[in-house]
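Please look through the sequence and the model shown below before reading on. The paragraphs that follow take up a few parts of the chain in turn.

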Amino acid sequence: MEMERLVVVWCPELLEEGPRGEEARRFVQVVARATELCPWVHPVRLGVCAMPARGPSRFFGGEAMVVSRLGEAVAEPACIGVADGLFAAVLAARSGLIVPANETATFLAPWSVATLARPDLAVTLQRLGVTTLGQFAALPSAHVSDRFGADAAACHRVARAESGELAGLRDHSITRRLRVARGEDPEIGAAPPPYQPGFFGGASAADTRAALSFTAVQERLGVEAVLVGRMQGGRDPAEQATLVPWGSPEAKSAAAVIAAAPWPGRLPPPAPTQVLHPPRRAEVVDVGDGLIAVSGRGLLNGAPDRLSINGGPWQQVSGWAGPWPVTERWWSVRRRRARLQVVTADGVARLLCSERGQWCVEAVYD
């Protein structure tokens, strides 16, 4: 059976998904741009897509022209190759080669048996002195099947250029992953039209349409153009919230990150509702106008009575809790701080921080 001749686009920077998840979104654009040249582009796995060579080569005037057009279109660092069968075409793309028709076996011969992605088989063959696909292909088919089993026999047919497919070469989840990266519902494909309500009144459709909009903005302006808040570990209120790109793995792993460390000295709940940037300078005095300070043992030298913020009028303190001392970076520059919660007579609760004898207002509670 004649193997289909394929063009493969291989993007080395997109083969593994990073923590921010942008590789899938970038690969969506590679597939979309390749589809503009040929409508039969099929993702093979993350960073690798393939298309039939016959139609595009006839239209553009040869396989070399197809490779050139694709290189200009994908807008990503990519290697493009052409060969008979998917396995050889992927290796051709990694090498940036156009393998002549019916010369696949010759092209594959010098490649290591490790390229079959069968570690146990490769180790066994190498112990027997069979290190290349050419040497493996030269073994009698019946002996390979009897000695190594059905999967090795399938690999043997690939090495002999009798078959172009190899189990495990395709990632069958890639289509679903790319739908998610495009902001589509992975079960139904594109988002439903705006007028179509969800089962309970349209929330699901609205969420899907919003995801499509976010993805479109990221594709046009970059991954950092759409950010979402995420909780994380930390001792300070400002450290416990951060902005990450929408759709990235970081945006979905809040609970695990918060639980990843004990964070001694972390502020107890409830969390403040507003973190001030920058913090506002403050003064705290006792009933005798003495400045309130935190001792080296983490204790207040008196009871807070009044609070002044940024040199403003004094406000009566009606309640307070703390202090909570925090010592950080003992391995380099030692940093000692203490936090104090206070409620003033106007009913506003604030979080104060003392460092090097100076108080500041870090956050405000509802």
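Which residues in α4 are buried? In this predicted model, the buried residues of α4 are L86, F87, A88, A89, V90, L91, A92 and A93. Helix α4 covers residues 86-95, and because eight of its 10 residues are buried, it is largely enclosed by the rest of the structure. An α-helix has 3.6 residues a turn, so residues three or four places apart point the same way. Just after the end of α4 comes G96, whose phi is positive, at about 65°.

The partners of β1 can be followed strand by strand. With β4, which spans residues 79-84, β1 runs antiparallel and is joined by six bridges; within this pairing, V7 has V82 of β4 as its bridge partner. With β3, made up of residues 48-52, β1 also pairs in the antiparallel sense, here over five bridges, and in that pairing L6 stands opposite P52.

Is R118 buried or exposed? R118 counts as buried, because its relative accessibility is 15%, and the cut-off for that class is under 20%. Setting aside residues up to four places away in sequence, R118 touches D151, C155, L166 and A167. With D151, one of these, there is also a polar contact between the two side chains, at 2.7 Å.

Finally, the confidence of the prediction should be kept in view when reading the model. The mean pLDDT of the chain is 80, with 74% of its residues reaching 70 or more. Over residues 188-204, however, pLDDT stays under 50, and for this stretch the model has 15 contacts beyond four places in sequence. Residues 254-259 also have pLDDT that stays under 50, and for them the model has 10 contacts beyond four places in sequence.

How values were computed:
Residues numbered from 1 in each chain as written. Heavy atoms only, no water. pLDDT = per-residue confidence, 0-100. Contact = heavy atoms within 4.5 Å. Buried < 20%, exposed > 50% of the residue type's maximum accessible area, 1.4 Å probe, protein only. Polar contact = N/O pair within 3.5 Å; in protein donor to acceptor, adjacent residues only side chain to side chain. Pairing = 2+ DSSP bridges. Helix = DSSP H or I, 4+ residues; strand = E, 2+ residues; numbered from the N terminus.
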